[in-house]
Structure formats: C-alpha cells, structure tokens
Amino acid sequence: MTVKEVTDIIEDLAPLPYAESFDNVGLLVGDGNAKVSGILVTLDTLENVVEEAIANKCNLIVSFHPIIFGGLKKLTGKSYVERVVIKAIKNDIAIYSMHTALDNVPEGVNAKICEVLGIKNPKILIPQKETIKKLTTYVPVKDAETLREALFDAGAGNIGNYSNCSFNANGQGSYKAGEKANPTIGEIGKIHYEEEIQLNITFSKAKQAKIMKALFTSHPYEEVAYEVITLENSNQNIGLGMVGELETAMDDMTFLKIVKQKMGAEGIRHSELLNKKIQKVAVLGGSGAFAIEAAKASCADILITADIKYHEFYKAEGKMIIADIGHYESEQFTKNLLVDYLTKKIPNFAIRLSESKTNPIKYL
C-alpha cells in the first residue's frame, strides 16, 4: 500500500474538512506515493517516536497531534519540531496527523472517552456549523433518476437516520448552443426548451469532491447548471465533545475516583463538589474550557476535560463540576482507537502501537 492509500482509509473515519480552521492536519512530512513498510501510531511525534519507527521499520507515523502546527521558517535543528522533521526526512518517514478532524467525528476521541468511562447514549456536545451543503441542479426528466442514484451512491441525501433524500420540482429549461458547443440535446444556434427537473439534495462538506465528480460524470449536459450553498443548519452528528449518561448514578467523589483510575490520571483538578449524584456526563478531550457553557446548557452534572485555567473553574457556578484530568490523559486512548480501526481495515499489515512516552507533564 502507498501512504496515500493508508491516509485515505483514515480519512474515511476522520475527514479532514471536519478539522477546525486553526488546525494543521493531513500529510505533514513525506511522499504520498511512497510504499508503506509499516505504520506506527502515536499521540505525539517526538524524536524518540521517530527512532522507534526506524527501529521497527515503519516508514509511516500516524500521529494524533500535528508536529508542525505553525509555520516553519527554518530547518536548523534548534527546536524539537525541527529535529523531528529533519530526522523523519533523513529516514524517509512520512508523518500524518488528523487532530481535530478526529475530535469532530462521532466515532473519534470523545467517543473513546465515553467508552472507557461507561457513558451511555453519547451525543455531540457542540455541533459544528457550516458542515451541511445543498446542491441544486437541473436535469432532463428522462435522466433524473440516473443522476439521483449517482448522487446518492456518492453520499448525498442523508439526513439523520434517513437516506436517499431529495426534493424534485418539474419545470422547463431553455438554452441556445453556441458555435463551439457540442449539445447533447438541441441544435447549435437554435434556442431549445427542455422539460427538466430541478433537483435539490443536501450533503456533508466532507463528501463534496465525490458529489461533484458524480454530478459531472452522470449529468447528460455538456455544461452543467448547478449551485452549491452552505446551510446554516448545525450538523448534530459532527462536532466537539460528547454528553451522555452513566448507567447508574453515583456520588461525585466516587465517580471522580473512577475517572482517575480508568483514565490513568496522576491527579484531578476540579471545581467545588456539589454533593449530589452524578448521572449526566460531558467530556471533551484536550483543551476544553470553551465547552463549559455548552456543558452547563446540556444540564451535565460534570465536565471532564483538560487545560482549565484558575478563573475558568469559577464558571462552574455551582451548576456542575469541572474536572481537569490532564491533556495527555484525556486523549491517550486515541492511539488505541486508531490501531483498532486500522487493524480492522488493513488486516495482515504491520501496524504498531507506539510504546514511546510522550507526555511532557510530570508529577511530583
């Protein structure tokens, strides 16, 4: 397999268009056409991880966090980022990252936290905006069914638990072919009227390339009239964080002790305990202070996340508990998720879970 073929499989799970606008995702180092000898999956790509890849003959590192986040203006080896990139290039190792693309999908980072903590019926906490698009096009009546089916096959027309959704309106289209045209229907220089169907269909922005290919391949006209607009509707299946319920409510301190044990946290920083049962739990892997208001609005009893600052704990306001379990600790099982996914998708291929320690925070 090539690097591109492997990353295409990853993008079926975590499409890059779902990544946040500030992020740097995708193939960061290496040649997409290179043959893959082995895959090493890690949370972070550090020098020791690249050395581990070399030792195990893995020339593709799949890393959750991007090693290159801001711009690189020099490659002199003076920073750990530069040293990682130089070492990877010298040893023909590709580095791929999906970061917030995996944060935003329903089978991603936060679903794994829910699985580990036994949180049932998880739903997206902060639905992502501007992920739903609508295609409007005009097609001859006799060709409408063929085009609809092609668009459905490409992934259009899915709304919640429903598929093959579209709206169709009959009308009459007109056009006059110019001298250089090659009209499928009608004659050059003569205005033509055709009974057409106006086809409206929605799709996820992650599938736009496939939808456009299906449109141009299956539409009979030489020039396809179409519009694509972005809808304001929130996508309830895509977004950051999750909120769900414990099977059995429990005391707040009892639950925090379970979280500490299951998430391997060296310690948990938390807001004031409310001395009430914990039933509804919100989670957001990584830095999650921005999710506090959404968690309160969801009526969560507790938000489990990381990187909470001093004054941000006040935002609990006696309505819920805010628990900071550590950035690494909240995302550590992501690499297990990726190894399990790739092992199922690419059986009998060398996929390794990195054993390198990458947590930069130590506890006394």
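**Salt bridges**

I looked up Lys296 and found that this residue counts as buried at 14% relative accessibility (buried is under 20% relative accessible area, exposed over 50%, partly exposed in between; 1.4 Å probe, protein chains only). This is a predicted model, where local features need pLDDT of at least 70, side-chain atom pairs count only at pLDDT 80 or more, and totals for chains, interfaces and linings use all residues. Residues are numbered from 1 along each chain as its sequence is written, and side-chain values use heavy atoms, with hydrogens and water left out.

Lys296 meets Glu317 in a salt bridge, N to O 2.7 Å (a side-chain nitrogen of Lys or Arg within 4 Å of a carboxyl oxygen of Asp or Glu). Lys296 sits in helix H9 and Glu317 in the loop between S13 and strand S14 (321-324), so the bridge ties together parts 21 residues apart in sequence. Helices (H or I, at least four residues) and strands (E, at least two) are DSSP runs, numbered from the N terminus. Glu317 is exposed, at 56%. I also noted that shared partners join Glu293, Lys296 and Glu317 into one network.

I then checked Glu115, which bridges to Lys112 with the closest N and O atoms 3.2 Å apart. Both are in helix H5 (residues 109-117), three residues apart, which means about one helical turn between them. Glu115 is exposed at 55%, while Lys112 is buried at 11%.

My last pair was Asp301 with Lys276, at 3.6 Å, N to O. Asp301 counts as buried at 11%, and Lys276 as partly exposed at 36%. I logged twelve salt bridges in the structure.
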